Amino acid sequence: MTTETAHRGKRWIQHWEPEDEKFWESTGKKVARRNLWFSIFSEHIGFSVWTLWSVMVLFMGPKYGLSAGDKFLLTSTPTLVGSLARLPYTFAVARFGGRNWTITSALLLLVPSIAAAIVMKPGTPLWVFLLVAALGGVGGGNFASSMANINTFFPEKAKGMALGLNAGGGNLGVAVIQLIGLLVIATAGATAPRIVLFVYLPLIVVAALCAYLFMDNIASVRGDKKGMREVVKDAHTWVMSFLYIGTFGSFIGYSFAFGLVLQNQFGRTPLQAASVTFLGPLLGSFSRPLGGWLADRLGGGKVTFWNFVGMAGMTALLIVASTVKSLSLFTVAFIALFVLTGIGNGSTYKMIPAIFRAKARAAIASGADEAAELLRARRLSGALIGLAGAVGALGGLFINLAFRQSFMTAKSGVPAFAGFLVFYGLCFAVTWAVYLRRSAASEISEKGLALAGSQV
């Protein structure tokens, strides 16, 4: 069955060879790009629903009877569920098909959105809010399935740009829902949170409909449980997952918490907080491709190392700004920290395939079969991308729990920022020790593999 015949039928593509240059130029590129754009749209809506409660808490005034700790708990809950959802979502593409799962995962977003529209009113018990916030975690899983799906459509030479666009377009959903929240607060006031949901309900339906009409399944994609079992035994898996906690975990955690921190530490009104909170996720999303671009040219290890140094510096500046009560310095430093999280997201994800390609080159130089080793590298890279994405998202949970405890005990975010500063110090120390220190390769890698910063 040809590709086009499959398109006219049940949207299952039986023949897909993107590495074949003739096939790619004549057929594959057009099909892959169409799937990419509609995947981005669905993932974008997923991120918006995942971070919905970063906006809803801005509408929760004194009548809701919730403390700062309660609100941070609300933003922590979907972060936890979303990170856990990423592993099953990664395998869902192979089980059900990329198009089919995109339709399903988009329609699932209706559940937390409708539920939030029902419960968003003063007098609702905290446990009900927590339950509905947990439902919003399904939006966090969309990233994993979307990345896994798009990874299968593109050849190696085009995956970097395609995955970067897919991830960045999804991340923008955080900024967009916060912009919509700002618009609603500025026009209808802080007592009309349902308007935000009424905007997203039709968009969710449109995303599912577009996936149904314009996306495809690839029949040759199969679940690779062996790849996941193999990759968890590799030391680099846990190093990269740890580093991704520091980059993506920070991005999603700060996306949930920024507005609440401004309200509780500097007494900002919902409108004042919303007028700046969107800038962090917006710039962090745009800087993600920059991180990948820099990693291509300077080496992922070097970019990631200096990025964590910068994140530590901005965190120290946030502690200073908090101590002297400078709102302007605090806001600028926080937004700069968002930009650095985006750069780190791009550079760490670039490191993953580079690590396994370097391992493959070492094995080939020792006499292993070239085709088999390169295939293994792609397989393990895909498994690690899914696993690191799930583990990294847990960083968002830790950040919100740290802020919750910090404001409950010290009425300030300073203790939490001090903890983040120590963590970022560990991140750049680990990056240097594993990927930049000259003797590191012979100590931790296979067959004397050189994982210098120029490679990784």
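The largest pocket in this predicted model is lined by 34 residues, and those nearest its centre are N151, T152, V221, R378 and R379. A pocket here is an open set of points on a 1 Å grid over the protein atoms alone, with protein on both sides within 12 Å along at least five of seven lines, and a lining residue has an atom within 4 Å of a point. The volume of the largest pocket is about 940 Å³, where volume is the space filled by probe spheres set on the points, which are joined across faces, edges and corners.

Two or more lining residues come from each of α4, α8, α9 (156-187) and α17 (370-410). Helices are DSSP runs of H or I with at least four residues, numbered from the N terminus. The largest contribution to this lining, eight residues, is made by α17. By class, the lining has 18 nonpolar, eight polar and eight charged residues; Ala, Val, Leu, Ile, Met, Phe, Trp, Tyr, Cys and Pro count as nonpolar, Asp, Glu, Lys and Arg as charged, and the others, Gly among them, as polar.

A word on conventions. Residues are numbered from 1 along each chain as its sequence is written. In this predicted model, local features need pLDDT of at least 70 and side-chain atom pairs count only at pLDDT 80 or more, while totals for chains, interfaces and linings use all residues.

The structure holds three cavities of 30 Å³ or more, a cavity being a set of points where a 1.4 Å probe fits but cannot get out. The largest cavity contains about 80 Å³ of space. Among the residues lining the largest cavity are S39, E43, W101, N142 and N149. The elements that give two or more residues to that lining are α2 (21-50), α5 (98-108) and α8 (138-153). In the lining of the largest cavity, nine residues are polar, two nonpolar and one charged.

Next, a helix pair. Helix α15 (residues 300-324) packs against helix α18 (residues 414-436) at an angle of about 165°, with the axes 9 Å apart. Axes are lines fitted to C-alpha atoms over the stretch in contact, and angles run from 0 to 180 degrees between N-to-C directions. The contact of α15 with α18 has 18 nonpolar, five polar and one charged residues.

Finally, F72 is found in helix α4 (residues 68-96). F72 is buried, with a relative accessible area of 0%; buried means under 20%, with a 1.4 Å probe and protein chains only. The C-alpha atoms of F72 and V261 are separated by 9.4 Å, although the two residues are 189 residues apart along the chain.

How values were computed:
Side-chain values use heavy atoms; hydrogens and water are left out. Buried means under 20% relative accessible area, exposed over 50%, partly exposed in between (1.4 Å probe, protein chains only).
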